[in-house]
Amino acid sequence: MDASRNGPEPRYWEKVGTVANTLRELEGPILIVSHVDPDGDAIGSSLGLYRALKVLGKKVSWIADPPRYLRFLAREEEYSNPVERLPPGATLVVLDAAEPGRVAGAPVEGFVINIDHHGTNPRFGYLSVVDPSKAATAQIVKDLIDALGVEWNPEIATPVLTGLITDTGNFRFANTTPEVLRTAAELVGYGVKLAELTDRLQWRPASYFKALGAVLSTVGFHFGGLLVTAHLPPGLNVEDSDDFVGLIRYAEGSQIAVFFREREEGVKLSIRSRGGVSAQAVAVRLGGGGHVPAAGATLHGVGLEEAYRRVMEAVREELEHAGYL
Ligand code: 5GP
Ligand code: MN
């Protein structure tokens, strides 16, 4: 059942070196893209690499649509609109995207470099560095920028540190390894204003706070509290609704949390887990993927009720598998 590989990448430094050498020698256009619904790691790792390649004088563009709460990281002229075709001779660098189908902004074709840390990544692309033992794609980008020999400055270090901060839940999740803390210390040493950055990352619009009550009134407990759920009430459209799952996951006694968002294409699920329960396994059962403690899926062409039914089934299986039921 478990199609994912969650261990460290064999020959990691060699692969980072190969990607660095390849990028350094490229003369054609380089396009940087990431995943749909970009998070702090998607935006941070892309923007950091974009700025580093700019320093090297590369013809690089960054195709992105940053969510409102991350827009402060970039200047508007730094990100560009999606493209339907790649320019001739282009290299596509895909960052933090668990699978080709989740890439946003450009077709995944031609010379593709795949840099990611999702265990469920099928290792697509001509070159790939996929290391699930890394807390964030931003950690791999940090190593890549070192290998490129670009001199660090706050402009490059700030987005890279953002990826580490957001994917580790402000250095609180289990992926907060000594490596993460050492890398963060190093990046702060390059002039990142850490307190200002972590504060700014938590800003949300008024609509978010107004929606909180409605969202929390949907909280449900199942399997004796092992599963906690909530959803965005239909008709309510909140920008920056990504971290509602981050609130309900702290329900005492819960081993798994699922947040549901109804969208045009179906229902988007955000899944978090602890205590030997795998959010990733639940997501994979539902056609999605991600990391062991944090994963997601989209249930296409269904409504909330059917989505709840499928989630109950998949979570029951996982709770049984993990010995809770
Ligand atoms: P989130 O709940 O924050 O959207 O996603 C949690 C994690 O699961 C992220 O690392 C994200 O990339 C991954 N993920 C979310 N949705 C999907 C999906 O539909 N398919 C796959 N393969 N991964 C997903
Ligand atoms: Mn990530």
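Mentor: Buried area is the accessible area that two parts lose on being put together, summed over both. Keep that in mind for this predicted model.

Trainee: Which parts does the domain assignment give for the protein chain?

Mentor: The assignment gives domain 1, covering 12-200, and domain 2, covering 207-321. Their C-alpha centres lie 27 Å apart.

Trainee: What is the area buried between domain 1 and domain 2?

Mentor: About 950 Å² is buried between domain 1 and domain 2, and carbon and sulfur atoms give 40% of that area. In terms of residues, 12 from domain 1 are in contact with 12 from domain 2.

Trainee: How many salt bridges does the rule find across the interface of domain 1 and domain 2?

Mentor: A salt bridge needs a side-chain nitrogen of Lys or Arg within 4 Å of a carboxyl oxygen of Asp or Glu. By that rule there are 3 across the interface of domain 1 and domain 2. On the side of domain 1 that touches domain 2, the residues divide into 4 nonpolar, 4 polar and 4 charged.

Trainee: How far apart are the closest N and O atoms of E239 and R68?

Mentor: They are 3.6 Å apart, and E239 forms a salt bridge with R68. As for polar contacts, 5 residue pairs are counted between domain 1 and domain 2, with both residues at pLDDT 80 or more.

Trainee: How many cavities of 30 Å³ or more does a search of the whole structure find?

Mentor: The search finds 1. The largest cavity has a volume of about 40 Å³, and its lining residues include R249, I256 and R274.

Definitions and conventions. Residues numbered from 1 in each chain as written. Chains lettered and ligands numbered in written order. Predicted model: local features only at pLDDT ≥ 70, side-chain atom pairs only at ≥ 80, totals over all residues. Heavy atoms only, no water. Domains from an automatic or database assignment. Contact = heavy atoms within 4.5 Å. Buried area = accessible area lost by both parts, 1.4 Å probe. Polar contact = N/O pair within 3.5 Å; in protein donor to acceptor, adjacent residues only side chain to side chain. Nonpolar A, V, L, I, M, F, W, Y, C, P; charged D, E, K, R; others polar. 1 Å grid on protein atoms, 1.4 Å probe; cavity = no way out; pocket = protein on both sides within 12 Å on 5 of 7 lines; lining within 4 Å. Points joined across faces, edges and corners; volume = space filled by probe spheres on them.
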